[in-house]
Amino acid sequence: MSLWKQPPAKELIAEVDKKIVAFMETYQIVGVSAAVVKENQVVWANEYGWSDLDREIAVTEDTVFRIASISKLFVATSLMQQYEQGKFQLDDDISDYLGFSFRNPHYPDVPITFRQLLTHTTSLNEDETGGELYVVFSKASRQSDPPTMEDLLVPGGSLYVDSLWSSFQPGDPQCFAYSNLASMINAALVERMSGERFDQYCRDHILRPLGMTASDFHVQALADINKLGVIYSLEKGQFIAGVDDCKGVKPESIDWSNVAPGTNGSLFGPQGGLRTNARELSKFMMAIMRGGSLNGARILQPETVELMLSTQWAQAGVDQGFQAIGLQFHITDEFIPAKRMFGHGGSAYGLYSGLYFSREEDFGIIFVTNGSHASAGTRGSFNNVEEALIDTLYEEIVKE
């Protein structure tokens with residue numbers, strides 16, 4: 001068990017530092033990595049607290065954390081790079097690309113499309129009566145002989161259950177249901193179309209071109225395992241070290257050489273497994289804000305960025321956290337009230353993260369926390385810890 005500790009001493013020069021350290025104590029936030037982008041540059045970035053409570057390792061600018069669902073933006077970007085190469089159209093039937101028939105059995109003649117995968121409107125229902133099947137599939141995939149996507153998605157497969165599907169027709173606005181499996185399927189599609197393993201593809205075509213040299217979907221690829229922050233969940237008043245508690249030892253590598261690209265899709269956690277930090281994430285965010293390029297490296301064409309940020313689905317009352325979405329990009333007026341923001345949040349195992357930007361006012365805010373005493377916030381899907389960070393960074397840095 002790990003007890004929360006006062007953030008390690010550091011010189012608090014700016015008012016923003018003092019406020020962040022103060023509410024870290026209020027909400028018992030373990031560690032923070034945060035950055036603010038304004039007018040095409042990072043105008044502020046800093047780190048606070050602990051990367052590892054037990055070993056008393058502080059968060060530094062080199063610390064990387066698992067960022068949860070912000071990772072989905074990188075999956076979508078890799079998929080849309082295939083789109084730019086003319087390998088598919090958004091309303092194509094993905095069965096033609098997966099190599100097997102992928103259908104909601106309630107609607108066997110209705111195709112499921114790339115657009116639906118990117119907007120959570122496939123009618124997949126894996127987090128409801130299915131019992132988080134993406135977790136079951138992901139854990140099974142950590143074995144030396146992992147299952148295939150057909151085992152999970154096709155009737156008769158070893159992991160298939162009927163409750164995987166809702167009763168809504170794919171594409172129906174009412175069928176919106178946040179789907180982690182969709183990102184695994186997207187990653188498999190990237191592999192099938194590119195012929196490359198997903199982690200390597202993202203490394204070569206997104207991360208390294210943008211200068212995100214410390215970021216990776218594959219823990220084995222991290223240069224220094226001691227720079228990987230631990231994620232803490234709060235249980236009965238105690239912080240419990242969980243995800244990425246490596247204790248300075250790189251996890252044993254799993255031999256996936258026998259897994260053909262495109263047959264699994266979950267091996268590198270595309271739904272939430274990118275390890276990075278706010279400083280490196282700012283490079284990706286600035287590239288999107290600038291129409292797909294940064295410092296001469298282009299990851300998307302401007303028209304593709306426009307397409308991804310255009311509203312593809314909007315339906316009030318269907319989901320508490322989502323009122324509108326582009327192609328994977330969350331569109332919200334609740335991150336900062338009455339301001340239209342684009343991006344994505346993350347929540348898993350005790351971590352909370354956010355990457356959101358305003359096109360109209362040309363600023364963006366990024367944060368990652370690795371454990372806290374969080375509770376419901378006052379707006380939408382954002383909790384009190386997230387709101388404290390957002391509001392402090394907006395008031396002290398953006399509006400300055």
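**Note on pockets, a helix face and ring pairs**

1. Both F363 and Y394 are buried. This is a predicted model. F363 sits in strand 15 (residues 363–369) and Y394 in helix 11 (residues 384–398). The pair links distant parts of the chain, 31 residues apart. The ring centres of F363 and Y394 are 5.5 Å apart and the planes stand at 45°, so the pair is tilted.

2. The count of aromatic pairs comes to 15. Take F198 and F217, whose ring centres lie 5.0 Å apart. The angle between their planes is 65°, and the pair is edge-to-face. F198 lies in helix 8 (residues 198–207), while F217 lies in the loop between helix 8 and strand 5 (232–235), so the pair ties together parts that are 19 residues apart in sequence. F198 and F217 are both buried.

3. Rings can also join up in a group. Y83, F88, Y97 and F114 are linked into a cluster by ring pairs.

4. Which residues of helix 5 are buried? They are L133, Y134, F137 and S138. Viewed down the axis of helix 5, these buried residues fall within an arc of 135°, so they line one face of the helix. An α-helix has 3.6 residues a turn, so residues three or four places apart point the same way. The cover over the buried residues of helix 5 includes helix 6 (149–153) and helix 7 (180–194).

5. Now the largest pocket. Its volume is about 1000 Å³. The lining of the largest pocket has 39 residues, and the closest to the centre are R66, S138, R142, Q271 and Y349. S138 is also one of the buried residues of helix 5. Helix 5 (133–140) and strand 13 (341–348) each supply at least two lining residues of the largest pocket. Helix 5 gives the most, with 4 residues. By type, the lining of the largest pocket divides into 17 nonpolar, 12 polar and 10 charged residues.

6. The second largest pocket holds about 400 Å³ of space. It is lined by 17 residues, and F322, G345, G346, S347 and S381 lie nearest its centre. Strand 13, strand 14 (351–358) and strand 17 (382–383) each supply at least two residues of this lining. Which element gives the most to the lining of the second largest pocket? Strand 13 does, with 4 residues. The lining of the second largest pocket divides into 5 nonpolar, 10 polar and 2 charged residues.

Conventions:
Residues numbered from 1 in each chain as written. Predicted model: local features only at pLDDT ≥ 70, side-chain atom pairs only at ≥ 80, totals over all residues. Heavy atoms only, no water. 1 Å grid on protein atoms, 1.4 Å probe; cavity = no way out; pocket = protein on both sides within 12 Å on 5 of 7 lines; lining within 4 Å. Points joined across faces, edges and corners; volume = space filled by probe spheres on them. Nonpolar A, V, L, I, M, F, W, Y, C, P; charged D, E, K, R; others polar. Buried < 20%, exposed > 50% of the residue type's maximum accessible area, 1.4 Å probe, protein only. Arc of directions from axis to C-beta. Contact = heavy atoms within 4.5 Å. Phe/Tyr/Trp six-rings, centres within 6.5 Å; stacked < 30°, edge-to-face > 60°.
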